[in-house]
Amino acid sequence: MKRKYNIILLVLLLAFGSCSFTAKVDDDPDKDKLLIQIITLALDQLHFEPKELNDAFSAEIFSDYIELVDPLKRYFLQSDIDDFKKFETEIDDQLRTYDISFFNMVYERLIQRQQDAKEYYKSILSKPFNYEQDEDYNADYESLAFVKNKKALKERWRQQLKFNTLSGYDMLIDQQNGESKTEDDDDAEAEVKELVVKKSLKEIEEESRAETLKTLDNYFTDYIDDMEREDWFAMYVNTIVEEFDPHTSYMAPTDKDRFDQQMSGKLEGIGARLQKKMDYIKIVELISGGPAWRDGKIEVGDLIVKVRQDKEKEAISVVGMRIDDAIKLIKGPKGTKVILTMKKVDGSFEDIAITRDIVELEETYAKSSIVKKDNKNYGVINLPKFYVDFDDYKGRNASSDIKLEIERLKEQGIEGLVLDLRNNGGGSLRTVVDMAGLFIKDGPVVQVRSTDEPKEVLSDTDKSIIWDGPLVIMVNELSASASEILAAAMQDYKRAIIIGSKQTYGKGTVQNVLDLNRMVRNSSHGDLGALKLTRQKFYRINGGSTQLEGVKSDVVVPDRYSFIDIGERDQENPLAWDKITPVEYEVWNSYFDYDTTIANSKSRMENNVQLKLIESSAKWAKTKMDDNNYSLNYKKYKAELKLNEEEAKQFEAIADYKTNLTFESLPYEQKLFEQDTILRDKRNRWHENLSKDVYVEEAINVLNDLKMTYEIKKVATIKD
């Protein structure tokens, strides 16, 4: 009751607390203060595990924000850090009074130092690098100290730029020597032919420096100079909220739009991916099935010069505009029309009218394939995310799509099913509960606990089962959140065998998105964005948490992430692991012999040459990642590259691996291929990758074993 009272109080405070923040001024600091007020109140009252704002909290924000804005320590001097230090233990006090003095000082100094940096890199890159000189470069930026003066800072820039340019210098030499030529690389062949006339090392060095200069000019023009004060302030706000846990974050208005698109797999617009290239907005991809793709007049590589809305007379130039601002002009509601002035790939200009529509991002959605082995059909479904449209749950979502794919696969007579959740970072909690119900009769799926509230058990209440056959779920270290809920439930029920990494990511928390605009009545400050904050923790039906520990695979297989620190336990400020009381549930009653099947799989894994090679490769890659020292002497640098290339050859067989499995799209997709060649090409690439996937191969072996043990056990039971 107390918790609910606090939430009501928060709404009232925010409703009336905005009365003094009414000025309509660009970059109005009062808007920033209002944002701080809303967020600190929301975190204190709504976060699962609120933190005390004290000096220790302040010191964490101080160090994290400095690291965020200057990770390579190439902007600030030690004197700057000393100036900032006066705020190190005062940020908590500032938050209570909605004071942003620390941010203002850092922001103003950062802009100044970035202007200095432009002079540094242009001056440094105007002079040749001496690659015969013996010097080393340390890329372990975290261990570096801030330099004491501008002379030392310029020297740091010189070393970084020399290191960055060295790889381009080496590549140009290789091209001239013909080392870049391959039998199937026409571009490389053409490039080598252009270099028939030998260039001197001096000319090559000049060319490599010019390329580095161009890259940095693009970086500052397209990114740094495009950043506005509100972008840096959003980063500061995010630093504050992420001190509570890794998954609590502030989403500026554009970030909130992207989040909604990712979760729903939909957007309203022309259906093109855009990228800023120098001052222009470039078409880098046409989304299959989208308006621009259907129209056929826009091509990849075209540049957008102007944008005009259908009922407006004047077109707006987007040359030099921030890409986020340009996207706002190009996007729009379904059915509305936008006229784009395009500079075509051939250099001509053309006005093209596009009627906006709902664009579905197919790579977000579940996709399935028939797997053929030994005259048997199996099914594999890849699910990238537990997507849902929050405004229309009955519309397209991950659970309903998986159900549909299973029904289609059943029509093809599959004898087992693989659900691939590798790299699936999660999504909708409701969706995963519904999806678990596709594989069990009914019962609890996950337990959820909020602060000061009794636990809630989320259950499948639909007694129908869509798939009751052999089931394997594939996971890796990047399978998180909803992926872990599904894998854990199926493991606890003994409904599926989990194949993958030693453990999954370890994210056992639930986030809600709070629209900050709804928290302020009569706001005149425009869109305030949203706050994604951790409200709950979820637990397995056996009582254990997946937080930090993740889900441990029944069959552990090494992969490229095996020795890299990427889990929840490796993040800053994760919530702790704990457990609660289990709930009652009945283990899946079937003739499948899980123990024997798992033992057989483990035996195969121990003798699998490909997996041993992958494990060795992962260990080798880890040692290279940990080595941050590089020679800036070209001969030594080249010798080290040659050594790495020789060592890497022992792992080439990984890419050459080929299974005896064949993959085939479902009939409904094959009909789509007649009109949609982009979709066909995407599926062909996916099938090619699957045919080389040792993990999928073992998953099919496990399904086959489950089927065999089912038949043996069923016969034995009938005889008894």
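Figure 1. Strand β6 covers residues 303-309. Five of these seven residues are buried, so the strand is largely enclosed by the rest of the structure. The coordinates shown here and in the other views belong to a predicted model.

Figure 2. Strand β5 spans residues 280-286 and runs antiparallel to β6. Two bridges join β5 and β6. Across this pairing, K282 stands opposite L303 of β6. Strand β8, residues 337-343, also pairs with β6 in the antiparallel sense. Here the pairing extends over six bridges. Q309 faces V338 of β8 as its opposite residue.

Figure 3. Strand β7 consists of residues 316-317. The two strands run antiparallel and are joined by two bridges. V307 has I316 of β7 as its bridge partner.

**Figure 4. Helix α15 packed against helix α16.** Helix α15 comprises residues 429-436, and helix α16 comprises residues 482-492. Their axes lie 9 Å apart, and the packing angle is about 25°. That angle makes α15 roughly parallel to α16. The crossing of α15 past α16 is right-handed. On the α15 side, the contact is made by L429, V432, M435 and A436. On the α16 side, A482, I485, L486 and M490 meet them. By class, this contact between α15 and α16 has eight nonpolar residues, no polar residues and no charged residues.

**Figure 5. Strand β19, mostly covered.** Strand β19 runs over residues 530-539. Ten of its ten residues are buried. Strand β2, residues 249-251, is antiparallel to β19 and joined to it by three bridges. In this pairing, Y250 stands opposite L531 of β19.

Figure 6. Strand β14 spans residues 443-450. Its antiparallel pairing with β19 has four bridges. V448 has F538 of β19 as its bridge partner. Strand β18 spans residues 509-515. Its pairing with β19 is antiparallel as well and has seven bridges. Q511 is bridged to T534 of β19.

Figure 7. A496 sits in the loop between α16 and β17, the latter being residues 497-500. A496 has a relative accessible area of 3%. Buried means under 20%, so A496 counts as buried. Setting aside neighbours within four places in sequence, A496 is in contact with L471, I473, M490, Q491, D554 and Y594. M490 is also one of the α16 residues that meet α15. L703 is 207 residues from A496 along the chain. The C-alpha atoms of A496 and L703 are separated by 9.9 Å.

**Figure 8. An open sheet of seven strands.** The strand order is β20-β17-β16-β13-β12-β11-β22, and the pairing is mixed. β20, residues 555-556, and β22, residues 662-664, stand at the edges. Each edge strand has a single partner, so one side of each is left without a neighbour in the sheet.

Figure 9. Strand β11 covers residues 367-373. β11 and β22 pair in the antiparallel sense over three bridges. V371 stands opposite F663 of β22. Helix α22, residues 677-690, packs on the sheet here. α22 touches β11, β12 (residues 376-382) and β22. The direction of α22 makes about 45° with that of β11.

**Figure 10. Helix α16 lying across the sheet.** α16 lies across β13, β16 and β17. β13 is residues 417-420, and β16 is residues 471-475. The helix runs at about 140° to β16.

**Figure 11. The whole chain, for context.** The protein chain has 720 residues, and 50% of them count as buried. The chain holds 23 helices and 22 strands.

Methods:
Residues are numbered from 1 along each chain as its sequence is written. This is a predicted model: local features need pLDDT of at least 70, side-chain atom pairs count only at pLDDT 80 or more; totals for chains, interfaces and linings use all residues. Side-chain values use heavy atoms; hydrogens and water are left out. Buried means under 20% relative accessible area, exposed over 50%, partly exposed in between (1.4 Å probe, protein chains only). Two strands pair if DSSP finds at least two bridges between them. Axes are lines fitted to C-alpha atoms, for helices over the stretch in contact, and angles run from 0 to 180 degrees between N-to-C directions. Angles under 35 degrees count as roughly parallel, over 145 as roughly antiparallel, 65 to 115 as roughly perpendicular and the rest as oblique. A crossing is left-handed if the near helix is turned anticlockwise from the far one by less than a right angle, and right-handed if clockwise. Contact means heavy atoms within 4.5 Å. Ala, Val, Leu, Ile, Met, Phe, Trp, Tyr, Cys and Pro count as nonpolar, Asp, Glu, Lys and Arg as charged, and the others, Gly among them, as polar.
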